[in-house]
Every structure is written in C-alpha cells, then in structure tokens.
Amino acid sequence: MKMNNNHPFHLVDYSPWPFTGAIGVLTLMTGMIKWFHNFNFNLIIMGYIITLLTAYQWWRDISREGTYQGKHTILVNKGLRWGMILFIISEIFFFISFFWAFFHSSLSPNIEIGSMWPPSSITPFNPFQIPLLNTIILISSGVTVTWAHHSLMENNFSQTKQSLFLTILLGFYFTILQAYEYIEAPFTIADSIYGSTFFMATGFHGIHVMIGTLFLLTCYIRHLNNHFSKNHHFGFEAAAWYWHFVDVVWLFLYISIYWWGN
Amino acid sequence: MLLKSLYGVSRFGVRFYRKLIDPLDLLTGIEKRELLAHLAGDCDPFRILSIKKGPGTRERPNLIPSSNSSRLICCHCTESDNHLKFMWLHQGDPKRCGCGYWFELCPIAPL
C-alpha cells in the first residue's frame, strides 16, 4: 500500500527521550532511597542529570518540530491544548491530596498535639508579613503574564519582552522570599503533623513555582529568537496556564494554611 | 547593526515598538500549506470532514478523495442509525455498502 501523509496529524519521528526519561526517573527514585538510607548523593545526582538532560532535549525537539518543521497543524495544536489541560487537572488532584491531609489533621486536631490548631508550642508564620507579600507578588505576576499574552496577540514584540521578563523576575522574587522563610522558620518538617502538612504543601508548591518560572524563561528565550507569531504561540499559552494554576494553588495555600490555620 | 535593531519598528501613538515576525513568514511545512489553503477558502484541505452522500449509484458512485491507494471509510446509512459501517476502499475498485450506496476512490494530490 503506497502511503502519503495527507493528514493533519503528527506522527512523531523515532526518539530516544521516552526511554532515557524512564531510566532517568528510575535512577532518581532509587537515588532518593540511597540518599535517605545511606546518606549518599551519587545516584540521585546522576538521576537529576539524566532526567534534566532528557527534559531539555525532548522539549527542544518539540519546539523544533513545531517552529522549524511546521508539524503543528491546527489539529495538533488542539491536541497539545487538551494535553496541557489534562496535565494541569492531574496536578490539581495532586495538590488536593495535600489539602485533604491538612484539613483532616487541622479540623479535628489529635489529643497528642493538644487538641488545638496550630498545635501547642508551634509558632506559625504571621500571614500578614512575608506570606502576604508573596501573595501580592504572585497576583502581580498573573497580571504581567496576561499583559505579555495581550502584547503577543497585538504583535508587540517589545512589550511582550518587557512583561514576560517582569513575570520571571517576580517568580524569582517569590522563590527567594520563600527560601528565606524556610531558612528562618521556627518549626521544621519533623515538628508534628503541622510541620509535615505545612512543608509538604508549600514545598511542592515551591517546586511548581520553580518549574513555572523555568517554563516562562524558556518562552522568553524562544520569544527573543522569534519563535512566536501573533497567531501561533501555544508554548507561551501553556506556560501562562501553568503559571495561573500555580498562582491559584498559592491563594488556596495562603487562605487555608497560612491564614485560617494560624 | 543600529538599522537591524530597528527591524519591524512601528509607531503606536508616540511610542515606537518592535513587531513580531509576520505569521505567514514564520510558518513552514504542512502548517503553512494548511493555513494557505484555509486563506484560499478551503476549510477542509486534508479532506477528513464528513461528506453528504450523493446519488451513490453504480454509474455515479460517491467519490472519496484520497492521495493513497487505499482509504478506510465509513457509511452512516440512515439518519436513525446508531452505528457506522466501515470498509476499505481501494484504487480502481468501486464498492457498495450494505445500504446500497456505491463509493469509489478518487485520487487527489497530497497537500
């Protein structure tokens, strides 16, 4: 049967990255166990390197296929949109589990922690100090990323560059402030269920902020290299969606853990 | 280099701003051909949308466009049907569905 490619679908070329990605996360997980039990970093470092290299090269290939090869037709674009939406939904469920744990522990606190929340002898953060600043930072970054999107759609290269840069800067600022809070915290992850729920929820949120900032940074670099047009810039839209999701999760964290949980 | 940095600069009120690359210029490959087809008025450049059956007789079969030597098609025989009848159609071999409609593969150039 003679076959021609007269269809809008993208049948991807053979790629080693799914395999190297699997090896990478396996090494990462095994390395984590080795770190916890034997206090040895070697395997986890190797896992990080393999996974990071895979992610970089896989996503580099996707932007090559879209921008340089023109494989991203309207239908492929729709598929990528659905993919990103479903991924974000899965991440929402991931965070729901940590919020579940928090509310389970805080709504009826155990007698072992003093039948009160926050538990006795835990000094929580003042929600109106750095956490409030972090909230303002993330909400502002939501504004700047929307500004960047509108500038893109209005064919304004310079303003897209400025607003995207501001968004990344705000993302870094949040990370730095949160790192400072972590260092200066009067309680640790080992300090009762309060510490566990606090650091698991805010810790994973922090990782997502770093990933979101990195995603926006790659969009910034791609924008400077003229990958985006005013009609076709899905990479940027995906980064913006992810960033809004990170922002919303923080708002939930702030209201429930920092404010209500104080 | 100064002149190069002014590429795509335009006025917006009293400010100057640089524009992004023209979308049609940036596109390449099959994505570009798809968009050009859409701009030319063809809303189904890949011929994948469903088509309404014509007379479908042996003398005037429904022509199914394809740039391959075979194509998988399905027939929605009547409006009230809740299933589709699938069949392979091969070049130069007209086929009849169980409902009586004839189909024939019609070669077209790929996009």
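Modeller: Between chain B and chain A the count of salt bridges is zero; a salt bridge here is a side-chain nitrogen of Lys or Arg within 4 Å of a carboxyl oxygen of Asp or Glu. This is a predicted model, in which local features need pLDDT of at least 70 and side-chain atom pairs count only at pLDDT 80 or more, while totals for chains, interfaces and linings use all residues. Residues are numbered from 1 along each chain as its sequence is written, chains are lettered from A and ligands numbered from 1 in the order in which they are written, and side-chain values use heavy atoms, leaving out hydrogens and water.

Polar contacts do occur: seven residue pairs make them across the interface of chain B and chain A, both residues being at pLDDT 80 or more. A polar contact is a pair of N or O atoms within 3.5 Å; within protein, one must be able to donate a hydrogen and the other to accept it, and residues adjacent in sequence count only if both atoms are side-chain atoms.

In chain B, strand E2 (15-18), helix H2 (23-26) and helix H3 (29-39) each supply at least two residues of the side that touches chain A. Helices (H or I, at least four residues) and strands (E, at least two) are DSSP runs, numbered from the N terminus. H3(B) gives the largest share of that side, five residues. By type, the residues of the side of chain B that touches chain A are 13 nonpolar, seven polar and four charged. Ala, Val, Leu, Ile, Met, Phe, Trp, Tyr, Cys and Pro count as nonpolar, Asp, Glu, Lys and Arg as charged, and the others, Gly among them, as polar.

Counting contacts (heavy atoms within 4.5 Å), 24 residues of chain B meet 30 residues of chain A. The area buried between chain B and chain A is about 2400 Å², and carbon and sulfur atoms give 55% of that area. Buried area is the accessible area (1.4 Å probe) that two parts lose on being put together, summed over both.
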